Amino acid sequence: MAEINTSSKRSSSSYYWEHIYNFVDEVKKFPALVKRATWKVAKEDPRRVIHALKVALALTLISLLYLLEPLFKGIGKNAMWAVMTVVVVMEFTAGATLCKGLNRGLGTILAGSLAFLIEYIADVSVKTYRAVFIGAAVFLVGYAATYVRFIPYIKKNYDYGVLIFLLTFNLITVSSYRVENVWSIARDRMLTIAIGCGLCLVMSLLVFPNWSGEYLHKSIISKLEGLANAIEGCVKEYFCESEIQSSEDDSCEDPIYLGYKAVLDSKASEETLQALQASWEPRCSRYFRRIPWKQYTKVGVALRHFSYTVVALHGCLQSEIQTPWSIRSQYKEPCMKLTEQVFKILRELANSIRNKRKFCPHILSNDLNVALEDLNNALKSQPQYFRGPKISRTSKMQHEEESRASFSSVNNNDSCEDAKERQKNVLRPQLSKTLSMITSFQFSEALPVAAFTSLLLEMVAKLDHVINEVEQLGRMSHFREFRVEDEIVVTCERPKVNSSYNDMTSYGED
């Protein structure tokens, strides 16, 4: 018994020591992990480093109101409101900073003005009635401001401003009942908030600005080029002479997956938020007209629907059942021609948005129709692959009679367990017959390539929606007309897809 207790104590102590050693190893690895994570964030988007420096510089400058004696005497302890304003308002993009800064400034001004009016009316009444009047005003304004936040337009554009209005109004109105010099306090707070907002706008608009509209513009171009390369890679890999094997590697390293990853990772809500922030930025298109950022979100939606077909094409490459090369080779040439035309159209759409010009009017040339016709003729030329074998009527009736006889033997007065066991014994041979019948079909070998070609046709149909949205974008943005000297450059170079476009989120997503 003593030996057992001694061995248990030794095992428990060794267990604890093992945990301690593991903890020490994790502590040793921690600096290297922090270094890799920090470097990865900066490598994905160097603008993040600049933004961090801008925020640090803004906080240092605004802290001088509190640190320098002459400035502190003029503003006092309310200087901390300027520091809080910089922390809250300073955003990654100029559009987000403008949105929050103007909302905060407008909400503060309106709340201060209304609070001063309430205070002026309350001063002429007795103190008891003054308390009732202030309480009633707080209730009515709180109810109205909260209810207004549910209006979609207000919720979308001015929700943060209404929140600041409600906060500032209550602070000034309620504190005015006990504090005598509330007017000077409110004035100083509004002044410090204005200083903080002004500093944020200067840092965001003049010091290495990050434009939301530029990000949205480049992301659409990157998605178009990524989809074009993904489609080209899918078709080339599918019609290669070697047998297709499902990849067991990490999909993140697959160039085809990287091509459409940016489109799949994007969300409609994120694009809408970016378009909203871009609408606050002082940027115009040709003829000094506002850029239709909402149309960019519609192009993004069309690209997402189009990318689903590309994902399905990629899934055909990783399917366990593949068509033999002898059958696939018969449809290689028309599929490659059709893919070449789709690739050319997507690249031309990307160049059109990049150069802010309308795309070539001959983009939907006869080449696409010829490619579709060639694919249709290729499918018709081999009808035996897409037609099941003829089953005689006699064998079909015999098969049905055997099935009815087999299933009728199950419907007896035996117990439930016996019935289930007999049903299993009946279903297994029937299932094996069905599977053997399916595998014997000649067209079963051609089903994968039939699915692949049908997805190509579906992709061409969805491409028409993308073209219409890009055409509408060019019309609303007043893109210049296509000129003869504008060459249609189609390269096989893969676009540099910045993952920060997908992972970067706005701090102003309240």
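In which crossing, left-handed or right-handed, does helix 15 pass helix 19? The legends below take up this question in a predicted model, where local features need pLDDT of at least 70, side-chain atom pairs count only at pLDDT 80 or more, and totals for chains, interfaces and linings use all residues. Residues are numbered from 1 along each chain as its sequence is written, and side-chain values use heavy atoms, leaving out hydrogens and water.

**View 1. The whole protein has 20 helices and 0 strands.** Helices (H or I, at least four residues) and strands (E, at least two) are DSSP runs, numbered from the N terminus. Of its 510 residues, 39% count as buried, meaning under 20% relative accessible area with a 1.4 Å probe, protein chains only.

**View 2. Helix 15 passes helix 19 in a left-handed crossing.** Here the near helix is turned anticlockwise from the far one by less than a right angle. The axes of helix 15 (residues 332-355) and helix 19 (residues 447-476), lines fitted to C-alpha atoms over the stretch in contact, come within 11 Å and cross at roughly 20 degrees, on a scale from 0 to 180 degrees between N-to-C directions. That makes the two helices roughly parallel (under 35 degrees).

**View 3. Side by side, helix 15 and helix 19 meet through residues including Leu-338 and Val-342 in helix 15 and Leu-456 and Val-460 in helix 19.** Contact means heavy atoms within 4.5 Å.

**View 4. Look for Cys-335 of helix 15, one of the residues that meet helix 19.** Cys-335 counts as buried because its relative accessibility is 0%. Cys-99, at 15%, also counts as buried. A search of the whole structure finds 0 disulfides (pairs of cysteine sulfur atoms within 2.5 Å).

Methods. Angles under 35 degrees count as roughly parallel, over 145 as roughly antiparallel, 65 to 115 as roughly perpendicular and the rest as oblique. Buried means under 20% relative accessible area, exposed over 50%, partly exposed in between (1.4 Å probe, protein chains only).
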